[in-house]
Amino acid sequence: MKIWGYGGLLMLAGALALLPETAQAAWLQAKTRHFTIMSDGSEARLREFAEKLEKFDGLLRHVTGITDPEAGSPVHVYLLSNDAKVKALTRNSNIGGFYTTSDRFAYAVLARGMKTSEYDIGAQDILFHEYTHHFMLHHFPAAYPSWYVEGFAEFFSVVKFPRDGSVQFGLIPMARAPTLVLDSPYPLKDLFARDTDGLGLRDGDRYYGTAWLLTHYYQYKADRRAEISHYLKDLTDGVPDMKLDGYFAGGIDGLEKDLKAYMRRPLAASKLIPQAVTVGEIAIGPVDAARGALVEDELRLMHHPRTEDLPRIVSDIRATAAKFPSSAYAATLLAEAEWEAEEKPAALADADRAIALDPGLSRAHSVRARVLLERAHDDDREEDWKAARTAIVKANRADTEDPVPLALFYRYHAMKGGPVPEIGYDGLAKAYMLLPQRPEYRMAYVQALAFRGEYAAASRLLDPLAYSPHPSEMRDAALDMKRRFDAEAARAISSQMGSSGI
């Protein structure tokens, strides 16, 4: 790996203006080893973007030593024609792109246009930052401190792809640089002690910029790397009463002084040679007319719609689906929307219509299973339980890598009552392993482990949720559960020691 020299933070580069491409009407889909990308732009730009994503995934694998190229479900990426559509989806005018999960896959949404200045945070920067979180959560789930979670993602957020096929990384995130230079780095004692909750725009830039700077420092200061490795290991191992000053030469104040001096020097970046990353096949083809017409409506349905928005979403999907009466996909999407809007009879009818059109469509069988499972739970009739189970099995057989039927199979046994068979636990475990980024699957698997008395394992799986840098009700719940499970695990160990006479 060759190291290139770069100017320090005070040597800021000039802005580079790029014009967005002209939108096209037809949707295309690119499939690679780790991504499924949809765009209504040109095929050439889609292929270029898909190649960048695979190179970026290869970069993360190369740097972290991950050798399994097939681990995890492909991430879906939607390239919309303009950022107004992205902002409308999020109902937030300050968001230019985002990453989240559905119950089937992780996905990102961003606009096709490039950022107009190096000092902006572009959609590609957001995607690389969020995909780094995705990658870290899949391969290295642990109780990392907030600053390291964000600093690691920021370190890989700015990447360049020269024409020679190489990948440049470790570059300065110029959007954070002005605040770092003008306001100085975020105080390290505060950085180590807090998460991102309550940070304003200016302090947020300082926090993220300092997290990047500290990550960069330890990446390129090989003689200091052992101290941060020691600190992170003790933190993730749950070592009690850690004294921060004891981990760093000169204590935390000495580290802060060294970091400020480091910032004033020319900063290094890295270059990964083309031969270090294998892109693999990029298969591009047209999206069928029904799916293309419903792409943005499907995104509205997937992206946490408000209850009051659901009737309009159902109505819009129903109107478009009516134009494609022979499309099993359109009927299935309508059934899913109706299920979310609690129009259960309509959901079942449209799921059945989709199955009649395409008996091998897993999503349609899953909608049918959900309706029948709820019905069985309400009336407790054996024929409804049997019908629900049959639908779940058909959904799984149609797509064994879809986590939804796997999770539904466990839920079926939990709702019906009685002992959950081993295959039910195995199904839930696989759903979690396919999509560990989905908090609901992680939580369900954690609770299943705890139910079986595996408290220590359940507690460990809670770490990424309990120590998330972003506040949420789920984080609070995970912290509470972790405390209870740790106490149960300790009691179990004490009991075993007592019974063995130790």
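The following dialogue explains how to read several features of this predicted model.

Q: Which parts of the chain does the pair of Phe 56 and Phe 128 tie together?
A: Helices (H or I, at least four residues) and strands (E, at least two) are DSSP runs, numbered from the N terminus. Phe 56 belongs to helix 1 (residues 43-64) and Phe 128 to helix 3 (residues 123-139), so the pair ties together parts that are 72 residues apart in sequence.

Q: Are Phe 56 and Phe 128 buried or exposed?
A: Buried means under 20% relative accessible area, exposed over 50%, and partly exposed in between (1.4 Å probe, protein chains only). Phe 56 is buried, at 1% relative accessibility, and Phe 128 is buried, with a relative accessible area of 1%.

Q: Which residues do ring pairs link into a cluster?
A: The cluster consists of Tyr 144, Trp 147, Tyr 148, Phe 152, Phe 155, Phe 156, Phe 169, Phe 192, Tyr 220, Tyr 231, Tyr 247 and Phe 248.

Q: Where does a charge lie over the face of a ring?
A: A charge sits over a ring if NZ of Lys or CZ of Arg is within 6 Å of the ring centre and within 35 degrees of the ring normal. Lys 344 lies over the face of Trp 339, 4.6 Å from the ring centre. Arg 452 lies over the face of Tyr 425, at 4.0 Å from the ring centre.

Q: Which strands are joined to strand 2?
A: Two strands pair if DSSP finds at least two bridges between them. Strand 2 (residues 28-31) runs antiparallel to strand 3 (residues 35-39), with 4 bridges joining them, and a hairpin connects these strands through 3 residues. Within this pairing, Gln 29 stands opposite Met 38. Strand 2 is also joined by 4 bridges to strand 9 (residues 283-286), again antiparallel; here the bridge partner of Leu 28 is Pro 286.

Q: How many salt bridges are there, and what do they join?
A: A salt bridge is a side-chain nitrogen of Lys or Arg within 4 Å of a carboxyl oxygen of Asp or Glu. By this rule, there are 40 salt bridges. In one of them, the side chains of Arg 318 and Glu 338 meet at 2.8 Å, N to O. Arg 318 lies in helix 11 (residues 310-321) and Glu 338 in helix 12 (residues 328-340), so the pair ties together parts that are 20 residues apart in sequence. Arg 318 is partly exposed, at 35% relative accessible area, whereas Glu 338 is buried, at 1%.

Q: Which residues are linked in a network of salt bridges?
A: The network links Asp 103, Arg 104, Glu 298, Glu 336, Arg 363, Arg 370 and Asp 402.

Key. Residues numbered from 1 in each chain as written. Predicted model: local features only at pLDDT ≥ 70, side-chain atom pairs only at ≥ 80, totals over all residues. Heavy atoms only, no water. Phe/Tyr/Trp six-rings, centres within 6.5 Å; stacked < 30°, edge-to-face > 60°.
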